[in-house]
Amino acid sequence: METLPDGLVVHAGGCHCRRVRFEVDAPASIVVSQCNCSICAKSGYLGLLVPAERFRLLRGEEHLVEYRFNKGIARHLFCGVCGIKSFYVPRSHPTGVSVNARCLDEGSVVEMTVRSFDGQHWERYYTDGVAAEYPGTDS
Ligand SMILES: [Zn+2]
């Protein structure tokens with residue numbers, strides 16, 4: 001596991017069939033959100049939110065299938081071969097990336113704190129439509 005100068009580590013991850021692979025720079029102890037919105041609840045998604053510059057898609061872009069619903073801002077991306085959504089571009093942070101913590105390889109996450117997020121009532125949290133900060137990623 002590679003450690004970066006600012007205390008972050010490089011986590012590797014990807015989809016089930018390994019066609020989609022990425023790296024994400026985040027603390028070894030991560031805070032992830034368990035959201036109750038219509039799509040996260042059905043897929044069991046655990047979101048690790050990072051600025052886009054901390055995410056690198058290593059391969060598999062050609063296999064990504066995009067799904068949009070509701071406002072059409074969030075870009076839900078899943079592997080067209082195995083169906084796993086290992087990351088996506090969230091509506092709250094369209095310039096960031098949400099990585100599915102369940103899709104990180106074993107070994108780099110020291111601790112994972114799961115926080116509930118009431119995505120069913122999304123508008124209560126993001127009154128101006130977009131959030132500026134990345135909670136849990138700035139330690
Ligand atoms: Zn796949």
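What share of the 139 residues of the chain count as buried? The answer is 31%, where buried means that 20 or more other C-beta atoms, placed from the backbone, lie within 10 Å of the residue's own.

Two notes before selecting anything. This is a predicted model, in which local features need pLDDT of at least 70, side-chain atom pairs count only at pLDDT 80 or more, and totals for chains, interfaces and linings use all residues. Residues are numbered from 1 along each chain as its sequence is written.

Start with the whole chain in cartoon view. It has one helix and ten strands, in the order β-β-β-α-β-β-β-β-β-β-β from the N terminus. These are DSSP runs, numbered from the N terminus: H or I of at least four residues for helices, E of at least two for strands.

Next, select the open sheet. Seven strands form it in the order β6-β7-β8-β9-β4-β3-β10, with mixed pairing; strands pair if DSSP finds at least two bridges between them. Its edge strands, β6 (64–67) and β10 (111–117), each pair on one side only.

Zoom in on β6. Its pairing with β7 (residues 75–79) is antiparallel, over four bridges. Leu64 stands opposite Cys79 in β7.

Now turn to the largest nonpolar core, which has 26 residues. Such a core is a set of buried Ala, Val, Leu, Ile, Met, Phe, Trp, Tyr and Cys residues joined through C-beta atoms within 7 Å. β4 (46–51) is among the strands that supply at least two residues each, and β4 gives the most, four.

Finish at Leu48. Leaving aside neighbours within four places in sequence, Leu48 is in contact (C-beta atoms within 7 Å) with Ala26, Ile30, Val32, Ser98, Val99 and Ala101.

Technical notes
A residue is buried if 20 or more other C-beta atoms lie within 10 Å of its own, exposed if 12 or fewer, and partly exposed in between; C-beta atoms are placed from the backbone. Two residues are in contact if their C-beta atoms, placed from the backbone, lie within 7 Å.
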